[in-house]
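Here is a short report on a two-chain model. Look over the sequence and structure first, then read on.

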Amino acid sequence: MPTEEMTMLRLLTLCLVATALGAASVAAHHGWGSYDASKPITVEGPITSSKFENPHALIAVKGKDKVWNVVLAPTTRMVSRGAPAAFIAVGKTVSAYGYASTREQDEMRAERITIDGKTVEMR
Amino acid sequence: MLAEAPQVLIALEQSALGAAIRQSVWAYPVANVGHIVALTLFAGSVAIMDARLIGAFAATPPAAIVRPARRMAMIGLLLMALTGSMLFTAEASHVAMNPVFQIKASLIGLGLANALLVAGPAMRALDAVPAFAPLPVRLRLSALLSLAIWISVAACGRLIAYF
């Protein structure tokens with residue numbers, strides 16, 4: 001094999017390894033990266049709006065301090081966990097345990113929600 | 001909806017099409033899976049094409065590998081753009097403001113420029129190159145760059161969900 005070719009292959013290998021390592025180190029940071037998992041919060045109150053949509057269902061909850069936008073699970077997972085659209089209907093009282101967004105004000109992502117005494121995991 | 005996003009993207013997200021993609025049971029997951037399947041086609045074709053340009057499979061004349069692989073990559077890219085537009089439309093304002101998506105979009109621009117401006121004009125000359133003949137350094141560097149760019153694009157795509 002000519003030397004130039006070997007140098008190129010070495011360079012290529014280096015490039016690929018660097019990309020893989022870079023990606024791995026960033027991904028290892030945290031799965032729900034833009035939510036602050038070090039400070040779990042619980043938001044409790046009536047549901048004021050409810051969107052049963054992909055990629056994630058979304059409810060607005062009138063908490064004690066303010067109205068939170070609570071990000072839930074993808075719709076198919078919601079259904080398979082026993083939380084269809086009717087489960088998160090407007091007017092119901094919910095308790096959502098999860099993490100506040102570090103990027104978007106008033107947004108949190110729920111780890112689990114409890115409605116009518118029934119707790120459903122979102123992850 | 002992210003209020004600080006450009007108006008046109010907020011309008012796109014709130015359009016009937018955006019709502020239809022979000023509210024359908026199938027549209028979003030199908031686009032999501034389709035995007036990954038299209039990626040395997042695209043990345044596989046690009047890898048074969050670039051490997052030949054860099055110097056692998058030297059027993060086969062370069063054009064015999066590069067030309068069909070380039071066509072296949074274009075089909076893959078078309079499918080990626082189609083499925084990607086669906087995923088983007090559903091969450092346009094959020095995705096557009098995502099820092100990793102912004103890096104990804106820039107890298108796609110760079111990758112396309114490399115493919116069209118550097119590798120593209122060299123295709124005709126490639127037809128005359130026999131097996132085992134060394135290819136111009138400029139073309140080999142372009143292939144190396146292409147691999148690095150498109151692998152990074154794929155990594156960024158996956159990482160959008162984490163930032």
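Is the crossing of α6(B) and α8(B) left-handed or right-handed? The crossing of α6(B) and α8(B) is left-handed. A crossing counts as left-handed if the near helix is turned anticlockwise from the far one by less than a right angle, and as right-handed if clockwise.

## Basis of the model

This is a predicted model: local features need pLDDT of at least 70, side-chain atom pairs count only at pLDDT 80 or more, and totals for chains, interfaces and linings use all residues. Residues are numbered from 1 along each chain as its sequence is written, chains are lettered from A and ligands numbered from 1 in the order in which they are written, and side-chain values use heavy atoms, with hydrogens and water left out.

## Chain B overall

Chain B holds eight helices and zero strands. Helices (H or I, at least four residues) and strands (E, at least two) are DSSP runs, numbered from the N terminus. The order from the N terminus is α-α-α-α-α-α-α-α. The C-alpha trace spans about 55 × 30 × 25 Å along its principal axes.

Chain B has 163 residues, and 42% of them count as buried. Buried means under 20% relative accessible area, exposed means over 50%, and partly exposed lies in between (1.4 Å probe, protein chains only). Of the contacts in chain B with a separation of 6 or more, 78% are between residues 24 or more positions apart. Contact means heavy atoms within 4.5 Å. The chain exposes about 8,200 Å², and carbon and sulfur atoms supply 75% of that area. Accessible areas come from the Shrake-Rupley method with a 1.4 Å probe; for residues, only the protein chains shown count as cover.

## Two helix pairs in chain B

Two packed helices are described by the angle between their axes and the distance between the axes. Helix α6 (residues 99-119) of chain B packs on α8(B) at an angle of about 155 degrees, with the axes 9 Å apart. Axes are lines fitted to C-alpha atoms, for helices over the stretch in contact, and angles run from 0 to 180 degrees between N-to-C directions. α6(B) and α8(B) are therefore roughly antiparallel to each other. Angles under 35 degrees count as roughly parallel, over 145 as roughly antiparallel, 65 to 115 as roughly perpendicular and the rest as oblique. Residues making the contact include B:L107, B:G111 and B:N114 of α6(B), and B:L145, B:I149 and B:W150 of α8(B). By class, this contact of α6(B) with α8(B) has 15 nonpolar, six polar and two charged residues. Ala, Val, Leu, Ile, Met, Phe, Trp, Tyr, Cys and Pro count as nonpolar, Asp, Glu, Lys and Arg as charged, and the others, Gly among them, as polar.

Now the other pair. Helix α3 (residues 27-54) and helix α4 (residues 62-90) of chain B pack at about 155 degrees, with their axes 7 Å apart. α3(B) and α4(B) are therefore roughly antiparallel to each other. α3(B) passes α4(B) in a left-handed crossing. The contact of α3(B) with α4(B) has 24 nonpolar, seven polar and two charged residues.

B:R52 sits in helix α3 of chain B. B:R52 is buried, with a relative accessible area of 2%. Neighbours within four places in sequence aside, B:R52 contacts several residues, among them B:F57, B:I65, B:F132 and B:L135.

Most residues other than glycine have a negative phi, and most peptide bonds are trans. B:F57 has a positive phi, near 50 degrees. B:F57 lies in the loop between α3 and α4 of chain B, and is partly exposed at 45% relative accessible area. Phi of B:F132 is also positive, near 65 degrees. B:F132 lies in the loop between α7 (123-126) and α8 (137-159) of chain B, and is exposed at 64%.

## Chain A

Chain A has two helices and six strands. From the N terminus the elements run α-β-β-β-α-β-β-β. Buried residues make up 35% of its 123 residues. Chain A exposes about 6,600 Å², with carbon and sulfur atoms supplying 59% of it.

The peptide bond from A:N54 to A:P55 is cis, with omega near 0 degrees. A:P55 lies in the loop between β1 (35-51) and β2 (58-62) of chain A.
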